[in-house]
Amino acid sequence: MPEIDRLTGDSDWIDLDFMERERTPEGIVEVGIQLHLAGLSLSNTKQYLERLGVKRSRTAIHNWVQKADLQPTGTRSSNYIAVDETVIQLGTERYWLYAAVDPKTNEFLHVRLFPTTNSGLTHVFLRELREKHAIDDAVFLIDDADHLQAALSRFGLRFHIRRHGNRNSVERVFREVKRRTSSFSNTFSNVEPATAESWLEAFAVWWNRCQS
């Protein structure tokens, strides 16, 4: 599987402090987390670990990802930032994934999951983005959504409405997210929004590792 070829050689980005009461060897947990974030479903990750001689349930593997609490970190300064949102299906409910992506590196800067989309929630997303990164001088690449323009204007941030070019980076990232979430029925069926957001943050960390 192509995604497995993208596994990083080290796992220092995975915090295993939660392993104190975990009966599985740390190396196996690291492999399980990386395999799942790299593209294997929980079922296929379970089968892969069984070939290594370790039997663990899909729930156990899912819990490893949740307990690792992976989130994009580090302060960055970007000249351009692509911002957009896309619908994520959680069972029968629709939620909106907001994402900010550096079009130069294709890396996530910030992700959030909201129950709807409006200027107020966009303002929350941008405030959190500004707290994490030095982006006040950046130009934001957005579509023509009114709530995006209103929230950016409220902060006095510059933006360009662009449907192609640099903004394609966030759309490429979203295509991968949509492909992943639509195929993982055992990851996004009957889960709480906070759980789904935690998984998406972990995916963002893995994705960023692959871009560097």
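Predicted model: local features only at pLDDT ≥ 70, side-chain atom pairs only at ≥ 80, totals over all residues.
The chain contains 8 helices and 5 strands, and, read from the N terminus, its elements follow the order α-α-α-β-β-β-α-β-α-β-α-α-α. Of its 212 residues, 52% count as buried. Among the contacts in the chain with a separation of 6 or more, 59% are made by residues 24 or more positions apart.

Helix α1, which covers residues 26–38, comprises 13 residues and spans 18 Å from its first C-alpha to its last, close to the 18 Å expected at 1.5 Å a residue. The buried residues of α1 are Ile28 and Val29 together with the run Gly32, Ile33, Gln34, Leu35, His36, Leu37 and Ala38. Ala38, which belongs to this helix, has a relative accessible area of 0% and is therefore buried, the cut-off being under 20%. The C-alpha of Ala38 is separated by 8.1 Å from that of Phe203, although the two residues are 165 residues apart along the chain. After α1 comes Gly39, a residue whose phi is positive, near 145°.

Thr45 is located in helix α2, which is formed by residues 42–51. With a relative accessible area of 0%, Thr45 is likewise buried. When its neighbours within four places in sequence are left aside, Thr45 is in contact with Gly32, Leu35, His36, Leu40 and Ile61; of these partners, Gly32, Leu35 and His36 are among the buried residues of α1.

The axes of helix α3 (residues 58–68) and helix α8 (residues 193–211) come within 9 Å and cross at roughly 75°, an angle that makes α3 roughly perpendicular to α8. On the α3 side the contact involves His62, Val65 and Gln66, which meet Thr195, Ser198, Trp199 and Ala202 in α8. Classified by residue type, the contact of α3 with α8 consists of 3 nonpolar and 4 polar residues, with no charged residues.

In one of them, the ring centres of Tyr98 and Phe125 lie 5.5 Å apart with the planes at 45°, so the pair is classed as tilted. Because Tyr98 lies in strand β2 (residues 93–102) and Phe125 in helix α4 (residues 119–132), this pair ties together parts that are 27 residues apart in sequence. Tyr98 and Phe125 are both buried.

For Phe108 and Phe203, the ring centres are 6.3 Å apart and the planes stand at 70°, so the arrangement is edge-to-face, a class that applies over 60 degrees. With Phe108 in strand β3 (residues 107–114) and Phe203 in helix α8, the pair ties together parts that are 95 residues apart in sequence. Phe108 and Phe203 are both buried, and they belong to one aromatic cluster that also includes Trp199, Trp206 and Trp207.

Conventions:
Residues numbered from 1 in each chain as written. Heavy atoms only, no water. Helix = DSSP H or I, 4+ residues; strand = E, 2+ residues; numbered from the N terminus. Expected span 1.5 Å × (residues − 1). Buried < 20%, exposed > 50% of the residue type's maximum accessible area, 1.4 Å probe, protein only. Axes fitted to C-alpha atoms, helices over the stretch in contact; angles between N-to-C directions. Parallel < 35°, antiparallel > 145°, perpendicular 65-115°, else oblique. Contact = heavy atoms within 4.5 Å. Nonpolar A, V, L, I, M, F, W, Y, C, P; charged D, E, K, R; others polar. Phe/Tyr/Trp six-rings, centres within 6.5 Å; stacked < 30°, edge-to-face > 60°.
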